[in-house]
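Please walk through the fold below with attention to how its charged side chains pair up. The account starts with one such pair and then widens to the whole chain.

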Amino acid sequence: MADSTSSKKQIPLRLSASLYDELARWADDDFRSINGQIEYLLTQAVKERRKKTFKEKTDD
């Protein structure tokens with residue numbers, strides 16, 4: 001059985017055609033699959049949110 005920290009979850013995702021096309025172009029520019037690009041962007045967003053949350057807590 002795979003370790004839960006290294007396994008990936010599958011989720012259904014619905015995107016507009018225009019957003020999909022934009023992500024596909026961006027992924028191509030970055031030499032990633034669309035799935036890889038979405039995962040990369042979500043990872044970056046979570047990192048930024050963590051930094052923001054940490055900064056807000058330390059500013060108090």
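Arg25 and Glu22 are three residues apart in helix 1, so about one helical turn separates them. Their side chains meet in a salt bridge, with 2.6 Å from N to O. A salt bridge here is a side-chain nitrogen of Lys or Arg within 4 Å of a carboxyl oxygen of Asp or Glu. Both partners are partly exposed: Arg25 has a relative accessibility of 47%, and Glu22 has 44%. Buried means under 20% relative accessible area, exposed over 50%, and partly exposed in between, computed with a 1.4 Å probe and protein chains only.

This is a predicted model, in which local features need pLDDT of at least 70 and side-chain atom pairs count only at pLDDT 80 or more, while totals for chains, interfaces and linings use all residues. Residues are numbered from 1 along each chain as its sequence is written, and side-chain values use heavy atoms, with hydrogens and water left out.

The secondary structure consists of two helices and zero strands. These elements are DSSP runs numbered from the N terminus (helices: H or I, at least four residues; strands: E, at least two). The protein has a radius of gyration of 15 Å, whereas a compact globule of 60 residues would have one near 10 Å. That radius is taken over C-alpha atoms, and the globule rule is 2.2 Å times the number of residues to the power 0.38. Along the principal axes, the C-alpha atoms fill a box of roughly 45 × 35 × 20 Å. Of the 60 residues, 7% count as buried. The protein exposes about 5900 Å², and carbon and sulfur atoms supply 54% of that area. Accessible areas come from the Shrake-Rupley method with a 1.4 Å probe, and for residues only the protein chains shown count as cover.

How many salt bridges does a search of the whole structure find? The search finds four. One of them joins the side chains of Glu39 and Lys8, at 3.1 Å from N to O. Glu39 lies in helix 2 (residues 34-59) and Lys8 in the segment before helix 1 (17-29), so this pair ties together parts that are 31 residues apart in sequence. Glu39 is partly exposed at 36% relative accessibility, while Lys8 is exposed at 63%.

Another salt bridge is formed by the side chains of Arg32 and Asp30, again with its N to O distance given as 3.1 Å. Arg32 is partly exposed, with a relative accessible area of 31%, and Asp30 is partly exposed with 32%. Phe31 lies in the loop between helix 1 and helix 2. Its phi is near 55°, a positive value in a residue other than glycine. Phe31 is exposed, with a relative accessible area of 80%.

The surface also carries a nonpolar patch formed by Leu13, Leu15, Leu19 and Tyr20, with about 360 Å² of accessible area together. Patches are made of residues with over 30% relative accessible area and no salt bridge; like charges are joined within 9 Å, and nonpolar side chains (Val, Leu, Ile, Met, Phe, Trp, Tyr) within 5 Å. Leu15 sits in the segment before helix 1 and is partly exposed at 33% relative accessibility.

Finally, the mean positions of the 12 positive and 11 negative charges are 6 Å apart. Lys and Arg count as positive and Asp and Glu as negative, with His and the chain ends not counted. Each charge is placed at NZ of Lys, CZ of Arg, CG of Asp or CD of Glu.
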